[in-house]
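Have the structure open while you read.

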Amino acid sequence: MRIFLDTASVAEIREMADLIDGVTTNPSLVAKEGGSFREILKEICSLVSGPVSAEVLSLETHGMVSEARQLAKVADNVVIKIPMTVAGMRAVRELSAEGIATNVTLIFSTTQALWAAKCGATFVSPFVGRIDDRAGDGMDVVDEILEVYGNYGFHTEVIVASVRHVRHVVESALLGADIATVPYKVALQLFDHPLTDEGIQRFLKDWEGVSS
Ligand code: G3P
């Protein structure tokens with residue numbers, strides 16, 4: 001399973017660039033950083049060779065497609081994030097025909113993911129944390145999407161998004177999701193175990209009496 005970083009922070013991306021497989025941003029994450037979106041995107045794309053998702057803001061097909069064409073010019077690894085709406089799916093169909101990679105975002109149900117795949121989306125992003133927030137089960141939705149895609153041989157890849165904790169990543173891997181996109185804090189937690197730290201300290205202490 002590939003791990004993407006879900007952030008627009010250049011500092012966070014720089015720190016993890018050699019380990020991560022890609023980056024996802026969204027308008028809220030970009031707004032937190034301030035500055036020019038295009039410049040931030042250009043810098044992120046220069047740090048990471050994998051896919052970097054950047055979202056359009058228009059809500060109608062024509063506007064989405066023209067924003068997408070502009071963003072796609074920033075770098076070869078830009079992926080256009082399009083919201084899951086009827087207008088959005090028309091844009092995805094058009095962009096897919098032009099060879100522009102898309103990531104359909106704000107996916108909360110299996111039928112939405114089915115439509116996105118039918119329209120030629122490169123990626124879909126089910127928001128598991130936000131589903132859980134509403135007393136649903138985000139990982140059940142991911143499980144269903146993977147089964148449906150398997151049934152019909154869709155090539156659309158599933159990015160588990162809105163990840164809130166390490167368990168979401170474990171379950172994504174158990175289900176065979178293609179990618180989990182994780183906040184910086186969760187990315188670091190994936191490496192952590194207190195017994196590892198304790199074990200290192202114990203080995204170092206025991207080694208103190210050994211002559212080399
Ligand atoms: O990738 C989507 C993600 O950024 C949304 O996360 O925590 O705002 O639900 P969250």
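L106 is partly exposed, with a relative accessibility of 31%; it falls in that class because the value sits between the 20% cut-off for buried and the 50% cut-off for exposed. Keep in mind that this is a predicted model.

**Positive phi at L106**
- L106 isn't a glycine, yet its phi is positive, at about 60°.
- You'll find L106 in strand β5, which covers residues 102–107.

**Positive phi at A135**
- A135 is another non-glycine residue with a positive phi, about 65° here.
- Where does A135 lie? A135 sits in the loop between α7 (128–133) and α8.
- A135 has a relative accessible area of 72% and counts as exposed, because the cut-off for that class is over 50%.

**How α6 and α8 pack**
- Two packed helices are described by the angle between their axes and the distance between those axes.
- For helix α6 (residues 110–118) and helix α8 (residues 138–152), the axes come within 9 Å and cross at roughly 35°.
- The crossing of α6 and α8 is right-handed.
- On the α6 side, the contact is made by T110, A113, L114 and A117.
- On the α8 side, V141, E144, I145, V148 and Y149 make the contact.

Technical notes:
Residues are numbered from 1 along each chain as its sequence is written. This is a predicted model: local features need pLDDT of at least 70, side-chain atom pairs count only at pLDDT 80 or more; totals for chains, interfaces and linings use all residues. Side-chain values use heavy atoms; hydrogens and water are left out. Axes are lines fitted to C-alpha atoms, for helices over the stretch in contact, and angles run from 0 to 180 degrees between N-to-C directions. Helices (H or I, at least four residues) and strands (E, at least two) are DSSP runs, numbered from the N terminus. A crossing is left-handed if the near helix is turned anticlockwise from the far one by less than a right angle, and right-handed if clockwise. Contact means heavy atoms within 4.5 Å. Buried means under 20% relative accessible area, exposed over 50%, partly exposed in between (1.4 Å probe, protein chains only).
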